Amino acid sequence: MPLIPMDAKPILTIKDMSIVFSSPDEADIEAVRQVDLTLSPGKTLALVGESGCGKSVTARSVLRLLDRNARIQRGSMLFAPGDEPPTDIAKLKADSLPLRAIRGREISMIFQEPMTSLSPVHTIGDQIDEMLILHERLKPKQARERTVALFDQVGIPGARERADSYPFQLSGGLRQRAMIAMALACAPKVLIADEPTTALDVTTQAQILDLLRQLQADFGMAMLFITHDLGVVAEIADEVAVMYLGDVVEQGSVFDVFAAPSHPYTQALMSSIPKMARKADRVRLSPIKGTVPAPRDRPEGCAFTSRCPHAFEPCATVRPERTALGNGHHARCHLLTRQPAEVVA
Amino acid sequence: MSTLLTVDHLSKHFLLSGGLFGKERRLDALTDINLTVEAGETLAIVGESGCGKTTLGRCIIQAQSSSEGRVVYHPKSGGDVELTALSKREIKPWRQDIRMIFQDPMSSLNPYMRVFDIVAEPLRIHRICKGRELEERVISTLEKVGIPAEAVGRYPHAFSGGQRQRIGIARALVLDPKLVIADEAVSALDVSIQAQVLNLLEDLKTEFGLTYIFISHDLGVVNYIADRVVVMYLGHVVENAPTEMLFERPRHPYTELLLDTLPIADPLRRKVRKTEVRGEIPYLGNRPTGCPFNTRCKYAEDRCRTEKPVLRPIAGMAQEAACHFAEQLNLKGAYDDAPVKEIA
């Protein structure tokens with residue numbers, strides 16, 4: 001069992017990365033703007049935000065699974081699994097051999113809807129065997145043994161028989177477990193989980209979250225967990241990054257960010273969810289005004305300007321810098337760097 | 001408070017064809033449901049996928065015929081209307097009083113109709129008004145839900161998810177209903193938009209004196225909006241109680257499980273679960289004998305596997321549960337004030 005030193009060096013460092021979508025008849029859209037993220041072994045980073053904030057695009061870019069009209073315009077993604085010099089995933093070609101050696105083996109991914117991401121015409125056992133045969137060069141018989149062991153590990157009852165089931169024969173929870181088994185087949189160093197529990201019921205969600213926590217303790221992988229649910233973030237994350245319209249507006253340890261949300265968007269998000277309180281302590285929800293603008297209408301400066309209750313003059317035009325708040329907690333907001341004299345005015 | 005609706009021994013089963021030579025099989029989606037809806041309350045129906053909460057909602061409005069039992073509506077004008085005994089034609093006038101809001105704002109609005117016509121359609125079908133009056137009524141309803149008058153000529157695709165849900169709400173409210181059944185009405189929305197719609201539903205309730213049946217799987221939202229909660233599992237009502245009572249001390253182990261697995265947005269209260277979650281929801285056609293929950297219940301004893309508990313009041317309170325041991329068990333609620341675990 002790998003032991004994780006407290007100050008383990010990061011395994012994946014995303015620096016200043018922007019992703020641009022182009023279309024023939026419109027101006028380019030910068031869907032992800034200069035994002036900095038760090039993944040460390042044995043730790044979970046949650047990427048949270050509402051629909052269209054760029055959290056899935058960011059996650060997919062790590063495996064270079066972006067659509068053809070998207071490209072990484074700037075920045076780097078340094079993957080450093082061992083003592084060798086790090087590989088910059090952003091520089092590799094999406095279909096190159098070095099990347100294919102990483103994808104699925106060193107870095108793997110679980111998706112939101114296992115029904116659409118597993119092949120409907122192959123048994124789940126065959127699908128995982130194939131991975132082991134390709135990446136680990138196992139013989140079919142050995143591969144099946146490993147598959148059955150994996151199914152046991154992720155809690156699929158009757159693993160040997162279930163390996164011969166097709167995805168449609170399994171419940172949502174079991175399908176997600178099969179998906180997780182597949183992602184873990186080659187003992188990856190990094191696991192990307194894109195809304196893995198969103199389509200599940202709460203009791204099943206709790207089982208899957210417990211399972212992921214357990215597997216992380218066993219395998220020591222770093223996890224990038226994409227979700228829109230702040231409750232799930234609070235349950236599973238060590239670090240959290242809050243995204244809004246392509247910007248990471250705030251990031252830090254989950255305790256710091258929940259205890260002292262410093263970006264108005266994070267604050268607003270927190271006050272939009274009902275608190276588990278008795279009727280007497282109930283406060284009316286204070287939703288964020290308006291709706292998320294379309295990416296092409298994004299303000300030049302801070303993306304949240306149009307909905308921010310505290311916006312003042314530089315917000316619309318000047319993009320706020322990443323301001324350090326101590327202990328690795330960062331936020332991009334002009335309020336944090338505003339001079340005291342301006343506050344009085 | 002007066003009772004607005006009574007659901008009395010309602011059951012619904014579906015018959016599944018067994019193929020060419022197979023036997024026809026019966027799937028019990030709802031089994032002996034009894035509940036009342038009081039005028040002016042928000043009654044939440046909660047449970048996981050396949051528990052029958054949506055089927056119950058649809059049977060109440062008779063969008064789906066029920067197999068046994070009765071749904072009785074008690075209009076303000078007096079008298080009892082047995083919705084389950086009415087023909088399609090006879091039930092039509094009562095559909096003005098009971099309206100529905102659907103989950104998916106993408107698929108519940110006709111993409112080929114303008115917003116104005118979507119909201120006007122119920123008024124036309126029920127021949128309530130036309131011309132000038134219809135126009136005014138549609139526009140004022142849309143404005144109440146926050147859709148500006150200049151947008152009424154557009155098609156649904158031009159609106160965001162939250163706005164589309166507002167249009168769905170306007171379509172339900174334009175007939176001035178008494179009872180609104182909201183089936184997962186905020187589940188598909190992003191949290192910030194969800195908060196807007198929840199506030200809107202609350203304001204409309206006060207303004208129009210509405211009664212809600214709020215079908216949801218999200219207990220956080222239910223605690224916020226509901227006065228009373230009905231918990232369903234495999235087609236049965238397992239608990240029915242005023243919200244605060246249920247969240248303070250649930251009386252059915254399934255309710256406890258739901259509350260225990262609910263993620264709370266506070267890392268300091270990260271759950272140390274009482275036990276691991278057992279098993280999965282059984283297939284509806286393969287329901288265990290005895291208590292439907294016994295296969296996953298950590299408190300289950302032999303009696304639970306043979307004898308089916310009935311829904312009954314607990315200790316003379318307004319709380320009902322279908323569990324043999326409802327009095328003895330000291331189940332954990334959701335209002336934990338102290339942090340569960342210190343930061344490691």
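Among contacts in chain B between residues at least 6 apart in sequence, what percentage join residues at least 24 apart? The figure is 66%. Keep in mind that this is a predicted model.

**Chain B overall**
- Chain B is built from ten helices and twelve strands.
- Its radius of gyration is 21 Å, which agrees with a compact globule, because 344 residues packed that way would come out near 20 Å.
- Along the principal axes, the C-alpha atoms of chain B fill a box of roughly 65 × 55 × 45 Å.
- As for burial, 45% of the 344 residues in chain B count as buried.

**Helix α3 of chain B**
- This helix covers residues 115–125, and its buried residues are B:Val115, B:Ile118, B:Val119, B:Ala120 and B:Leu123.
- Those buried residues pack against two other helices of chain B, α4 (131–144) and α5 (161–173).
- After α3(B) comes B:Arg127, which has a positive phi, near 45°.

- Leaving aside residues up to four places away in sequence, A:Val190 touches A:Ile11, A:Leu12, A:Leu39, A:Glu106, A:Ile107, A:Met221, A:Ala222 and A:Leu224.

Methods. Residues are numbered from 1 along each chain as its sequence is written. Chains are lettered from A and ligands numbered from 1 in the order in which they are written. This is a predicted model: local features need pLDDT of at least 70, side-chain atom pairs count only at pLDDT 80 or more; totals for chains, interfaces and linings use all residues. Helices (H or I, at least four residues) and strands (E, at least two) are DSSP runs, numbered from the N terminus. The radius of gyration is taken over C-alpha atoms; the globule rule is 2.2 Å times the number of residues to the power 0.38. A residue is buried if 20 or more other C-beta atoms lie within 10 Å of its own, exposed if 12 or fewer, and partly exposed in between; C-beta atoms are placed from the backbone. Two residues are in contact if their C-beta atoms, placed from the backbone, lie within 7 Å.
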